[in-house]
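Here's a quick briefing to read with the model open beside you. Take a look at the fold before you start.

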Amino acid sequence: MKLTTKIKRCKKCTELAQSRRQVVIGDGPIPCPIVFLGEAPGRREDETGIPFYGVAGDILEASAFKAQLQRGKHYHILNVLKCRPPENRDPTICEMKNCIPFLIAQLEVVKPKVIVAFGRYAQAFILGESPNNISVLKNMGRIINNPKFYAILSCHPAYIGRNRGGELEKAFKQHIHTAARIAKGAKPKCVVQNAPY
Ligand code: SF4
């Protein structure tokens, strides 16, 4: 069975499988040198089936455009969870464990050179840690050298939407620029840690 069919039919997380409207698989070319990785679908994504739809998506697209990256052409968008947690509650550890094998399988197909991890749950995946141990802002800008790709730890564009115009937004945009440079072959200067996933 094709990976996308498997994901669409998945009911491993009973609550999410009952409450979701759509399974949000991902968006972008395959293969693709850049992956932007978020947490889980929100209300609009659940309605449309499109990841990063709405305010967070607009912020991401505008920031990427400044780095000469166009949606649908230069980057692929994925989430750690493919189904929306009801009322936008945080994903549970069990839901993450259920869905991460799909994410790993997707990354094996997309084959990114660089992943930008947006927020606590994406950072937790990259570092192989519990989200409870993640300090998103402390990790901002760290570049991880995974055997298969580089990963830049950043915050979620939805958080930027609530904190416009400051140093945080500047840093977020810089992370997107760095990803664009890595995708073109640049070697990042500050690789500070090795991590499996
Ligand atoms: S979140 Fe992932 S593992 Fe859970 S039901 Fe949806 S597709 Fe399956």
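In which loop is the place of Pro85? Pro85 sits in the loop between β2 and α5. This is a predicted model, where local features need pLDDT of at least 70 and side-chain atom pairs count only at pLDDT 80 or more, while totals for chains, interfaces and linings use all residues. Residues are numbered from 1 along each chain as its sequence is written.

**Around Pro85**
- Pro85 is buried because 21 other C-beta atoms lie within 10 Å; buried takes 20 or more such atoms, exposed means 12 or fewer, partly exposed is in between, and the C-beta atoms are placed from the backbone.
- If you skip neighbours within four places in sequence, Pro85 is in contact with Leu16, Ala40, Asp90 and Pro91; contact means that C-beta atoms, placed from the backbone, lie within 7 Å.
- Pro85 and Cys13 are 72 residues apart along the chain, and their C-alpha atoms are separated by 9.8 Å.

**The overall picture**
- The protein has nine helices and six strands; these are DSSP runs numbered from the N terminus, with helices (H or I) of at least four residues and strands (E) of at least two.
- Of the 197 residues, 43% count as buried.
- Take the contacts with a separation of 6 or more: 73% of them join residues 24 or more positions apart.

**Strands and core**
- Strand β1 (residues 34-38) pairs with β2 in the parallel sense over four bridges; pairing needs at least two bridges found by DSSP.
- Leu37 stands opposite Leu78 in β2.
- In a regular strand, side chains alternate between the two faces of the sheet.
- Both faces of β2 (residues 76-79) are covered, with His76 and Leu78 buried on one side and Ile77 and Asn79 buried on the other.
- The largest nonpolar core has 54 residues, and Val35, Leu37 and Val80 are among those with the most contacts inside it; such a core is a set of buried Ala, Val, Leu, Ile, Met, Phe, Trp, Tyr and Cys residues joined through C-beta atoms within 7 Å.
- Not counting residues up to four places away in sequence, Val80 touches residues including Leu37, Ala40, Pro91 and Cys99.

**Around the ligand**
- There are 15 residues around the ligand, and Cys10, Cys13, Cys83, Asn98 and Cys99 come nearest; near means a C-beta atom, placed from the backbone, within 6 Å.
- Helices α2 (14-19) and α5 (93-110) each supply at least two residues of this shell, and the largest share, four residues, comes from α5.

Terms used:
Two residues are in contact if their C-beta atoms, placed from the backbone, lie within 7 Å.
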